[in-house]
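Welcome! Please take a moment to look over the sequence and the model, then work through the exercises below.

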Amino acid sequence: MLLTEQCYKKIDRELAKYPADQRQSAVMASLAHAQVELGWVSPEVMKELADYIGMPAIAVQEVATFYNMYNLKPVGKHKITVCTNLPCALSGGERAAKHLKDKLGIDYRDTTADGEFTLMEGECMGACGDAPVLLVNNHRMCSFMSNDKIDALVEELKK
């Protein structure tokens, strides 16, 4: 087993929300729980989830590769996604991205040598009025990110 018993208990709670013949409806939540535990979703994890849920492995892979929230290769401890959709890009997203690239010494889809940070570009996060917007590890949205706020965020995450 690649996932812990605790992770499977969380997946079981997701599966319980659906009728037995619709267990596949819990695949997105199951992938999310696996990713929180492991940091990414490997092909082996996708296969294990498919077997556990009772659906074809290719169907799990289709979901995991369709949505950009799933990490299909290892990422840094802190994945920072910068919204680069047009409203954010025009409202400081490009500046925020350049500042992060310069500060971390990496480009999009790269990870720092120490494994701490991965930088990604993302599509609309639904917070155009709060631009520029960053998302940390798919769970924490940071709004109105000036260079000073970005510097503070990076220092906070390093601790």
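Predicted model: local features only at pLDDT ≥ 70, side-chain atom pairs only at ≥ 80, totals over all residues.

Residues are numbered from 1 along each chain as its sequence is written, and side-chain values use heavy atoms, leaving out hydrogens and water.

**Exercise 1.** Find the domains of the chain and the separation of their centres.

*Solution.* Start with the domain assignment (automatic or from a database): it gives domain 1 (5-66) and domain 2 (78-158). Next, take the centres over C-alpha atoms; 28 Å separate those of domain 1 and domain 2.

**Exercise 2.** Which residues of the largest nonpolar core touch the most other members?

*Solution.* A nonpolar core is a set of buried (under 20% relative accessible area, 1.4 Å probe, protein chains only) Ala, Val, Leu, Ile, Met, Phe, Trp, Tyr and Cys residues joined through side-chain atoms within 4.5 Å. Among the 21 residues here, the answer is Leu3, Ile11, Val27, Leu31, Leu49 and Val60. Then see who contributes: helix 3 (43-53) gives the most, with five residues. Helices are DSSP runs of H or I with at least four residues, numbered from the N terminus.

**Exercise 3.** Is Met69 buried, partly exposed or exposed?

*Solution.* First, locate Met69 in the loop between helix 4 (57-66) and strand 1 (78-83); strands are DSSP runs of E with at least two residues. Then check its relative accessibility: because this is 31%, Met69 counts as partly exposed, the class between 20% and 50%.
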